[in-house]
Amino acid sequence: MIDDLSSFTAAALAAAERAHTTDELHQLELIHLGKEGPLLAARKALGSLPAEQRKDAGQALNSAREQVETAFAARRGELESAERAAQFEFERLDLTEVVDYSPVGHAHIVTQAWEELEDVFLGMGFRVAEGPEVETDWHNFDALNIPKGHPARDGFDTIYVDYGPRDEDGRSNTVLRTHTSPVQIRTMLTQEPPIYVIAPGRVFRRDTADATHMPVFHQIEGLVVDRHISLADLAGTIEAFTTAYFGEGFSSRLRPNHFPFTEPSAEFDIQRPDGSWLELGGCGMVHPNVLRAGGIDPEEWSGFAFGFGIDRLALMKFGVDDLRDLFTNDIRFLSQF
Amino acid sequence: MKVLLSWMQEFAPIEGDPHELAATLTDLGLVVESVESTGPAWDGIIVARILELRPHPEANRIQLVDLDTGGAASAPGEPLQICCGAFNMAVGDLVPLATLGTIMPNGLEIARRKLRGQWSNGMLCSAAELELADDAEGIRILDARLTVGQPLAEALGAQKDWLFDIDVEGNRPDALSVAGVARDLAARLGVAFSYPPLELVEGAVRTEHLAAVEVLDDDLCARFGVRVLENVTVGPSPAWMAARLAACGVRSINNVVDISNYVMLELGEPNHTYDLDLVPDGALRVRMARDGERLITLDDQVRRLTTADGLICNQQDEPIGLAGVMGGASTEISEKTTRVLLEAAVWDRMTIARTSRRLGLRSEASTRFERGTDPLGIERALDRFCALAVEHCGVTLTSGSVVVEGGFEVKPPVRLRVRRVNHLLNTSLDAEAIRGYLEPIGFRCALVDGEPGWLVTVPTWRPDSQIEEDLVEEIGRHHGYSRSGKRVPRPSQNGELTPAQSARRRIRRTLLGAGLSEAMPMPFLAPGDLAAAGLVDEGEQSAISLENPLVAEESILRISLLPGLLKAVMYNQSHRNTGVQLYELGRVFLRGPEGSELPTETERVGVILADQSAVEATKLLHRVAAGLGLRDLKAVNRPLPGLHPTRSAEVVFRGRTMGEVGEVDPRVLQRYGIAGRAGWLSFDIAPVLVALNTNASYKRVSNYPSSDIDLAFVVADSVSVNDLVATLTAAGRPLLQRVRFLNAFRSDNIGAGLRSVAFSMRLQAPDRTLTDIDVATVREALIDAARKKNKAELR
């Protein structure tokens, strides 16, 4: 059988070459190198040889085995790589043909601005207060130092609602809130000072829609009531907010103005890094009548309040120049942000 | 309010860069919207004297004028020839001449030109061409005392000036006058403010012999004063006055009207003139109107009055003027007027506001009255009017004015504490410094016992100032708000959202993650919208109405988010945006319990899926529920208003209905002009907030192998998948980990009214590997339970 070794080796090497697939190669490998194969049989037969021949025969067997194994391994490598290449060619995809038009959700830019503003004030230690959109005119006006017949009350162009108790002349006392300020009153009536809250929300005015007005829009209100609160605390809070929301290089100023619910009152302006000014909102020290309406003693506590429009900030951030665009709900608009 | 610098300088020596002055005004709360250089564009226009007027040899509509220009436009002694189409001048008149090269205010350049063979070396100007007045008839004849050859601007004293356009807040009626702005600015600049003295030459006849005033309603009128002017000649105003009025946006009419406006702008006191000969005995009565009374106002409109309007009446009690809003036509000044009855009064702010608003008559005068004019300023206004009229209309005056006190009351002084000032402004001012800010603007500080401070008398021109904090604002304004500094207060609390507010954000994130974009429809609807959306029956009115809607389409408050989102889909479809998937998180307004003060506002999510069916909407419901961790949520088939009756379900969470899911009723879609189907999902957020705020309970994950059982049952259509899931879930305890619905189908083989429903169930034990017996036992239990509870047979 040793005589057969060279022909066996030649046959095994030829078989490895002949295999076309890794499966075929595996079958041939079993035939030539497997348990039933001639090499294993020859190794088993080694024991029957005389001791002096055994060594040479064993070496010859090992070398033949190594030769065949190497050949099979090499052939496996070739076939595997060819098969991988064939498989990859078969699975080739043109990924430029793959698109997905399923919709992606976009938060409304008013919501984005709203949450961003909330986050800035949360970072400054404020909490978020809320109130109803349909309000009593007491909360919306009287408690805010705008009694019945006050000329300022006209300026709010109020929408009245057919609901709730009416006064003696049959007039409704229920309004769509014209500002978020009634939340100040509700907060003071339910919470002991110190109070540090903001109140973002939807508000209503009897305005015809145009590029800068909507009958429905959004405001954010701030209220602080604590001991020893002064105009400096108001100016500092506005300044801290300005830097946090608009960024470094922005600053703020207060200049005298008039609101019924604050005294002294101010308008606050933001200065952009290029030096230009932007009028942002109104603010001031909470009027003693307002503190009293909220059940707070103005001799013991003082406070400040501020308020401004959310929609306008959203418009400015993205350079939108018509307020009405925010509320058409056109997906081509909504999906840009 | 437009204010000229030169005009303010008549009250105080205000100097400095106009832009810096503007910044100072703004810092005082008198926001300067614009500051511009002004004054007439009269470069090249000079005063010339007419030497000779000759007919044009070739034309009779123009004449030749020889002018003495004082050597300014022609060689000394040489007359300058002009062709002129006007004939209103005489030899010796002084006239304005636009010399060659002049660019007229309207942009026309004056060039030498020939008219029918005669040279014209310039142009003579009308008042309109000089933009002095509207009068385009004839050449403006100048005051004979002017110097020939002098530039016109110099001759008329109409120098370059600065015009400040100031946005005056509602609480500062005093700043609706030149003097008021000057007072505030002078105080800040530290220069003295004073009214120029008025010296009136009065006749012997006492005014009270020619005029009488009676105030019947004190609440309507605080004070009412009159004067009488005789020998009035109505004519053009002096040029400087016309120019100042023009700069302030007031058109020049005639000397009497212009002086009236001039005094109002200067002192902030609106005034009114009557033709005295049309007011019997010069007697005026002030009273509230009676319902239905009528008055023809200056604009020849018949005004029907109510008891809320104030009136000025004559002796016969007939209305001759609408108090503070507009005069009557019957006593109007005309060319024939020779005697003027001049009125200055202070009216109730509310009455004027109501009347001007109701009649749509807002004027410079009514604006001032609404905000509050100075009750003690009327004598000065009357006198100032008279002084100007004497100078420019040649009138003679009767002696004194007649002033009647109405409801004028002196306001009590205000106690001001130094400590309070420094607390609110974060300053350390002493009492003297505080007085130094208040007195220059007319607040009088008197000594007071007790805590350091002052007893402050508020000037009558500051109706807004009533309490200590109002005075603090004045001190702050004049000290400068910026000098209070900036300090950030540190609350002792953490800033954090309430659980409900965090939950709302999480709902939004979940909806966005599901591919929905956020819409913000108006919360207003048209009355027909609810019926159109199938939410109420035709004619049923359950929604809350607005009392004064802007338009009928926005006259009720929504009770559902459906109509708003349907409109959004319609809008998008009409712009060829198909398949939009939108959500809204907003409030609906429902009637509360009987006697409730306010409606119930329910916060709700609405989702609309254009071009999708109830299947996608329900899948979305389950996805959102999983995202929000709402484990026990299910859909229960039920016809619902506005939805497809056989493709709608209530969303039930922990046994309570919290919303609805399905498809919009095709009839509703048709009414809204929407093509295709539309999936719909809506739920209240309150139950979600509750669920999100209960912590998820932890269950250890088993590491032992699990085993799946798939079963298909034949069951009646009336048995819902929910019912079967409930049965299987209960029967499979404790090894059953989850039940998954695989599919359902119907066929003739199965039989009418029946369907096959398949489920896959996973079994797993927490502490051991399942045996075949375990699995077989559970399988039997499942089959048995389905048969007994739901009459479901294994297929």
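Tutor: Domain bounds come from an automatic or database domain assignment. The model is predicted: local features need pLDDT of at least 70, side-chain atom pairs need 80 or more, and totals for chains, interfaces and linings use all residues. Residues count from 1 along each chain as written, chains are lettered from A and ligands numbered from 1 in written order, and side-chain values use heavy atoms without hydrogens or water.

Student: What separates the centres of domain 1 and domain 2 of chain B?

Tutor: 37 Å, taken over C-alpha atoms. The assignment gives domain 1 as 2-39 + 160-189 and domain 2 as 45-155. In chain A, domain 1 (2-97) and domain 2 (109-334) are assigned, and their centres lie 86 Å apart.

Student: Why is A:Thr180 called buried?

Tutor: Buried means under 20% relative accessible area, exposed over 50%, partly exposed in between (1.4 Å probe, protein chains only). A:Thr180 has 0%, so it counts as buried. It sits in the loop between strand 3 (174-176) and helix 8 (182-190) of chain A. Helices (H or I, at least four residues) and strands (E, at least two) are DSSP runs, numbered from the N terminus.

Student: What does A:Thr180 touch?

Tutor: Contact means heavy atoms within 4.5 Å. Leaving out residues up to four places away in sequence, the partners of A:Thr180 include A:Ala199, A:Pro200 and A:Ile220.

Student: What makes A:Glu279 and A:Arg255 a salt bridge?

Tutor: The term needs a side-chain nitrogen of Lys or Arg within 4 Å of a carboxyl oxygen of Asp or Glu. Here the closest N and O atoms are 3.6 Å apart, so the pair qualifies. A:Glu279 is in strand 8 (residues 277-286) and A:Arg255 in strand 6 (residues 251-259), 24 residues apart.

Student: How do you know that the salt bridge of B:Arg462 and B:Asp174 ties together parts apart in sequence?

Tutor: The side chains meet at 3.8 Å, N to O. B:Arg462 lies in the loop between strand 26 (453-457) and helix 12 (468-479), and B:Asp174 in the loop between strand 10 (161-167) and helix 4 (178-189), so the linked parts are 288 residues apart. Both residues are buried.

Student: Why is B:Asp317 called buried?

Tutor: B:Asp317 is at 17%, so it falls under the cut-off. Its salt bridge with B:Arg285 has N and O atoms 3.1 Å apart.

Student: How many salt bridges are counted between chain B and chain A?

Tutor: The count is 11. One is A:Arg166 with B:Glu547, at 2.5 Å. The contact takes 80 residues from chain B and 89 from chain A. The buried area, meaning accessible area (1.4 Å probe) that two parts lose on being put together, summed over both, is about 7300 Å². Carbon and sulfur atoms give 55% of it.

Student: Which residues touch the most other members of the largest nonpolar core?

Tutor: A:Leu254 and B:Leu566, in a core of 112 residues. Such a core is a set of buried Ala, Val, Leu, Ile, Met, Phe, Trp, Tyr and Cys residues joined through side-chain atoms within 4.5 Å. Helix 5 (residues 109-123) of chain A gives the most to this core, with seven residues. A:Leu254 touches, among others, A:Phe268 and B:Tyr481.
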